[in-house]
Amino acid sequence: MSASAVHSLWTMAAAGPIDKIDAPKIEYGQLSPVLIVIGAAVIGVLIEAFVPRKSRYYVQLFVSVVALAAAFAAVVGLAARGFGTTKAHIAAMGAIAVDGPALFLQGTILLAGIVAIFTFAERRLDPVAHGNRVDSFVAQAGAVPGSEGEQAATKAGFTTTEVFPLALFAVGGMLVFPAANDLLTLFIALEVFSLPLYLLCALARRKRLMSQEAAVKYFLLGAFASAFTLFGIALLYGYAGSVSYATIANVVEGNVKTVDPALADTMGNDALLLIGGAMIVMGLLFKVGAVPFHMWTPDVYQGAPTPVTGFMAAATKVAAFGALLRLLYVVLPGLRWDWRPVMMGVAVITMLGGAIVAITQTDIKRLLAYSSIAHAGFILAGVIATTPEGVSSVLFYLAAYSFVTIGAFAVVTLVRDAGGEATHLSKWAGLGRRSPLVAAVFAVFLLAFAGIPLTSGFSGKFAVFKAAAEGGAGALVVVGVLSSAIAAFFYIRVIVLMFFSEPKAEGPTVAVPSPLTMTAIGVGVAVTLVLGVAPQYFLDLAGQAGVFVR
């Protein structure tokens, strides 16, 4: 092609009017929950730079809690103005959905975030080191474990207050994740909440090498999962010519009027659709911790600082299940006959795998990790129902489960010996005689995990299994009830160990926490009992919030 021809193309392109670039239309009010949290995270980074070291902890804690509470108030305000029901729509030029499921899940994530921040800020559990109170996080993250630099940082009383802005960035990504309405927004949100979690996992004060190993495992496997997701997004774009959920759904169902000629050859190629859809679902199942993508869960839960484990176990599940629901119900409902049998298989092996392997565990954090894998299977039963009841039952289960989880991990931080947390099960023997209140609270959480009536776990499981049975997945409910029975065995075993064994002479002590951890555990117990005894109001709320905007 000659230079003059190229030049004439340029001049033709430039000859057209340039006033056609439309300014983006952003509904800031409807995105306010996300904007508040991300804004506070940025302020948190500035606090690290400009506020003197002595006051950072208090300033960061204040900013984090106020931001999360303000964002929750914004979510409630949007719901009260009808954005969850009648005014549900797509905001930010098609990038974010403001609808019932998004607002319900965002509210759950923000409340779980506030409770988790309280456990992050706990500074009374370890004995005072060199005249300074210490928290669960390393004195200086850059110092090599066991080096002189680390000892000097501990002596100087340094604390890693960066955990607060990191947690806020993670929450910000989690708020966008279930509300994303195109695949690129979904991917960016995935990275925004994953990267801070990889860092947080490596910051434990005790057992630092184990903590760093956990972070590396999580990072490597998470990077693979992100790559699968991105590859799936590329294939779906090739299939539909768009990353927008609605457009892809229309192409899947065959409702497209105009086709871009550049994409006419690849559009409607079912191989691209099936492989791309499978890859994205695989990335989401990794985040949820479903078998066979669960390998990272026990190692990371055991190695990460316990407050981070609780935060991750609760909030990540809520965000990932929200995104999975939106993907399956909004983008791929036309593929229901293809994905349902696969997801049923995943749900069955996840429920049974989590429950059976948990029986063999001797570490309390690994036991809770396998229990969370089994719970992912129970929640998948609701996802498979493909009915409005399925969505609302999953929303209810996620809300109930997240507070029980944070509460349970908060109790784990209290049981300590000379080396930090005493997580080996043998150390918990006779805890009910030493510290009846802590053991009783933990027993309540374990009974909720087991799904015993009058706890939130029972209401959640009942809702999910009922939706699955009505959606024609009866076989799944039978497997679910069997797995629940297997799981009940190891939960009850821990309760028996605490109350009916003799305490050992050199057993662990139970630390007396500050009001922060007491609040976290108290909220967990309250939610467990309220959702167990009187779940109807919250089931109705989840029912109203169960409709996705298209």
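Lys 25 and Glu 27 are joined by a side-chain salt bridge, with 3.7 Å from N to O. The model is predicted, and it holds 13 salt bridges.

**Salt bridges**

- Glu 213 and Lys 217 form a salt bridge between their side chains, at 2.8 Å from N to O.
- Both residues belong to helix α8 (residues 208–240), and because they are 4 residues apart, about one helical turn separates them.
- Glu 213 has a relative accessible area of 42% and is partly exposed; Lys 217, at 29%, is also partly exposed.
- A salt bridge also links the side chains of Lys 466 and Glu 470, with an N to O distance of 3.8 Å.
- Lys 466 and Glu 470 lie in helix α18, and their spacing of 4 residues puts about one helical turn between them.
- Glu 470 counts as exposed, since its relative accessibility is 52% and the cut-off is over 50%. Lys 466 is partly exposed at 44%.
- Through salt bridges with shared partners, Glu 213, Lys 217, Asp 299 and Arg 366 form one network.
- As a general point, side chains of opposite charge can pair when their charged atoms come close.

- Tyr 28 sits in the loop that runs between α1 (3–15) and α2 (32–50).
- With a relative accessible area of 57%, Tyr 28 is exposed.

**Backbone geometry**

- Met 93 is not a glycine, yet its phi is positive, at about 55°.
- The loop between β1 (89–91) and β2 (96–98) contains Met 93.
- Leu 454 likewise has a positive phi, about 75°, without being a glycine.
- Leu 454 is placed in the loop between α17 (436–450) and α18 (456–470).
- The relative accessible area of Leu 454 is 56%, so this residue counts as exposed.
- A cis peptide bond runs from Val 291 to Pro 292, with omega near 5°.
- Pro 292 lies in the loop between α10 (270–288) and α11 (296–303).

**Helix pair α3 and α6**

- Helix α3 (residues 53–80) and helix α6 (residues 163–176) have axes that come within 9 Å of each other and cross at roughly 15°.
- Angles under 35 degrees count as roughly parallel, and α3 and α6 are therefore roughly parallel to each other.
- The crossing of α3 past α6 is left-handed.

Definitions and conventions
Residues are numbered from 1 along each chain as its sequence is written. This is a predicted model: local features need pLDDT of at least 70, side-chain atom pairs count only at pLDDT 80 or more; totals for chains, interfaces and linings use all residues. Side-chain values use heavy atoms; hydrogens and water are left out. Helices (H or I, at least four residues) and strands (E, at least two) are DSSP runs, numbered from the N terminus. Buried means under 20% relative accessible area, exposed over 50%, partly exposed in between (1.4 Å probe, protein chains only). Axes are lines fitted to C-alpha atoms, for helices over the stretch in contact, and angles run from 0 to 180 degrees between N-to-C directions. Angles under 35 degrees count as roughly parallel, over 145 as roughly antiparallel, 65 to 115 as roughly perpendicular and the rest as oblique. A crossing is left-handed if the near helix is turned anticlockwise from the far one by less than a right angle, and right-handed if clockwise. A salt bridge is a side-chain nitrogen of Lys or Arg within 4 Å of a carboxyl oxygen of Asp or Glu.
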